[in-house]
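Here are a few exercises to work through with the model open beside you. Try each one yourself before you read the solution.

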Amino acid sequence: MLETPRLIASLSAILAALAMAAGSGSAQQPPAPPVPVPPILQRYTPVTAERLRAPEDGDWLMIRRTYNGWGYSPVNQITPANVGRLRPVWVFSTGVTSGHEAPPLVHDGVLFVSTPGNQVLAIEAATGRPLWRYSDPPLEDVIALHRTSRGVALLGDKVYFASADARLVALDVRTGKEIWATRIGDNASGYYMTLAPLVAQGKVLVGASGGELGIRGFVAAFDPDTGSELWRTFTVPAPGEPGSETWPRGDQWKTGGGSVWITGNYDPETNLAYWGTGNGGPWMGDRRPGDNLYTASTIAIDVATGRIKGHFQYTPNESWDWDEVSPPILVDYERNGRTVKGLIDVARNGYLWFLERSDGPIRFVEGKPYVKQNVFRRLDPKTGRPEIDPARKPGTGTKAAFCPSLWGGKNWPPIAFNPTTRMIYIPANENLCSEIEGREVNYVPGRSFTGGISTFQVAPGADHIGEVQAWNVDTGERVWTHTFEKSPTWGPMLTTGGGLVFTGGTNDRMFRAFDATTGKVLWEVATNSGVIGQPSSFVVDGRQYIAVQAGWGVDSRGMQARLDAVSPGEFPPVPEGGAIWVFALDR
Amino acid sequence: MSIGRRRLLKDGVCLGVGLTLSPALAPGQADPAALRPQQDDLLVRSGDAGATPLIPDDIKRAETQTLAWAMDPKDGTVRSGSRLNLVLLLRLDPARLSPDTRSRSADGIVGYTAICTHTGCEVEEWRAEEELLYCGCHGSMFDPKDGARVVDGPAPRMLPALPLKVVDGRLVVADAFTARVGFQAV
């Protein structure tokens, strides 16, 4: 056993160092006096479960503002008529690089946001005055293949944060001090986290990434006061559990993937949380014959028990790296004269899915491509199961070319839904394709377990890449498309009651406002870096603000570099370094 | 509730250990298995339970990279205590190596960190026809004939090299990594 007891060795060394320190007079350093709590934090009122279910219009209390995942603020002060007067109110440098993807949350005038490097910031929302900073950088040998955080969660007087090295941390909202921390997975075996926690029914829920390292994915719930684990549900079933019949008889399930990259959405009426799951491990489906539930799926988890009560799989026997990164949003829509209690998912496999939710099972309603997709020949009209063109399916020793690329028609950036326009807004990448060839791979804990090598192409004749698409959910038809000739987009979406859509995502560092009805660009500003953060909107003292983090990195950087290799000089590196931007109308 | 080594480190700092040990360096300094490869270390194949020192003939031309750990020749400690210590070895045509790379090679064998400088994935693929190293995570490509310079992808800098020599017929580390190993600092 060579590649073994690093933790034991490290602990031994540390314990020895501690013993030395204890013997050398630690009393020489008196404890630092407590830092006074700023008045705005003294006045901070605990976030209640009721407030999370029914926030005030000016609140932004969770990553997509509401449990249904809409990314919608009803505040309507900023409109197509006046958005031209939108100006930065303050900008705040985060001090770190890599991808800044978290949305600013705001409660009682206090803004909370996380950044790469295991950092959480509390800032006075109207002025940009720093209140506290939690920073706990991971060890240098952390396994975190996506160095980002996609947000924090609020409940009571605590802020919950999922660290890159797979710990769930509760912070004191008034001081930023750690109250408890629970390790939720072994980072040395490839478990890491990028998502924001979900607070639902008095529990804190998280999942883990690491599908490229042979993890077995899960969602787990924790006690918000103590951090003790309440339940854990694996996205890959063990032999004998429901879904295990879709796996071969063998040990494949132990390293079967099914990462949870992004926070689930939640239906308080049924107490079901809807989570997206990643691809199977390793990448090539011929290494794990079968559909491989619940990879590349949406799963409906009962928050009370952790039981999976429904699922829908988008790509059976997934072999294209098409993680179903995003959860579906919860929208009731019209179809054939009837209102469907719906789920809508814009999948990485290039299809837009209209589904129906219930107190358990998820039913297929409609699916159609929103970008060029040459892998599915058709969908079964009853079940939605795709018929896959075998020539487009990579395997071990078999190269296959396919569109969209392994990054998908849409990757992790969330869509938004506006209940006034009845449209969803999609950050899509068109005209990108990949080739993958599978290779033999053996599992070693913490080591790469993809077993695939990929190349990347732009489709012949492509006149653009990135798109903002708007689709009417009641007709299922596309209404407008804005295209970006020389850039993909990695921009999460915000839409507002004023009739606007805000997003960045492009390599020109722009943050833009679109008319939500027509798709016309009404306003844009070049920031310090590319904007791949989730925008939010909030009200303080009666004034509407728009907030977003700029900070290019991770996959946006990866795609830009690969595009530049395809078209040398046309996709130069984008400036990096994180900053929080807050905008409001000129007074 | 479990907190693991990080909490111990942080508490250690609070107790005054931080005066002499920074959290980032403490394990590496204290634990010989976590030390970066040292001059005169031997090399052993990753996964070789017998820890047999590699000899130049173990590294074949035109084969994929060999993943290896350094081993203390005195007490046999395999330096697998940090994933940042993983080394990749390749045998290339010495005539095609850049002068700097040739000077660090031994019998045409070159050594580099196996950890990508972008986000820390393993540089696990070898594109034999192009003689390029490839990281499947985000598509970075490196030319091992020329200092593992970045020829494609998002990696911000070349892979640090591990200078090699042959001593008594065995492959030996000639010097420390040429630069800090690990990925982009945040």
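**Exercise 1.** Find the loop of chain A that holds G285(A), and work out whether G285(A) is buried or exposed.

*Solution.* This is a predicted model, so keep that in mind throughout. Start with the location: G285(A) sits in the loop that links β16 (272-276) to β17 (297-302) of chain A. Next, count neighbours. The cut-off for buried is 20 or more other C-beta atoms within 10 Å. G285(A) has 25 C-beta neighbours inside 10 Å, so it counts as buried. Now see who it touches: leaving out residues up to four places away in sequence, the contacts of G285(A) are G280(A), N317(A), E318(A) and S319(A). Finally, check Y266(A): it is 19 residues apart from G285(A) along the chain, and their C-alpha atoms are separated by 30 Å.

**Exercise 2.** Which strands pair with β30(A), and in what sense? Then explain why β30(A) is described as largely enclosed.

*Solution.* Take one partner at a time. Strand β27 (residues 423-429) of chain A runs antiparallel to β30(A), and seven bridges join the two. One bridge to look up is Y425(A) with A470(A) in β30(A). The other partner is strand β31 (residues 477-484) of chain A, again antiparallel to β30(A) and over seven bridges. Here Q469(A) has T481(A) of β31(A) as its bridge partner. In what order do the four strands of the open sheet with β2 of chain A lie, and which are at its edges?

*Solution.* Read across the sheet: the order is β2-β38-β37-β36 (chain A), with antiparallel pairing. The edge strands are β2 (86-93) and β36 (536-540) of chain A, each pairing on one side only. On average, neighbouring strands here are turned by 30° against each other, direction ignored. For a close-up, take β37 (residues 543-550) and β38 (residues 579-585) of chain A, which pair over five bridges. V548(A) has W581(A) in β38(A) as its bridge partner.

**Exercise 3.** How many helices and strands does chain B have, and how much of chain B is buried?

*Solution.* Count the elements: three helices and 10 strands. Then take the 186 residues of chain B, of which 49% are buried.

Note on methods: Residues are numbered from 1 along each chain as its sequence is written. Chains are lettered from A and ligands numbered from 1 in the order in which they are written. This is a predicted model: local features need pLDDT of at least 70, side-chain atom pairs count only at pLDDT 80 or more; totals for chains, interfaces and linings use all residues. A residue is buried if 20 or more other C-beta atoms lie within 10 Å of its own, exposed if 12 or fewer, and partly exposed in between; C-beta atoms are placed from the backbone. Two strands pair if DSSP finds at least two bridges between them. Two residues are in contact if their C-beta atoms, placed from the backbone, lie within 7 Å. Axes are lines fitted to C-alpha atoms, for helices over the stretch in contact, and angles run from 0 to 180 degrees between N-to-C directions.
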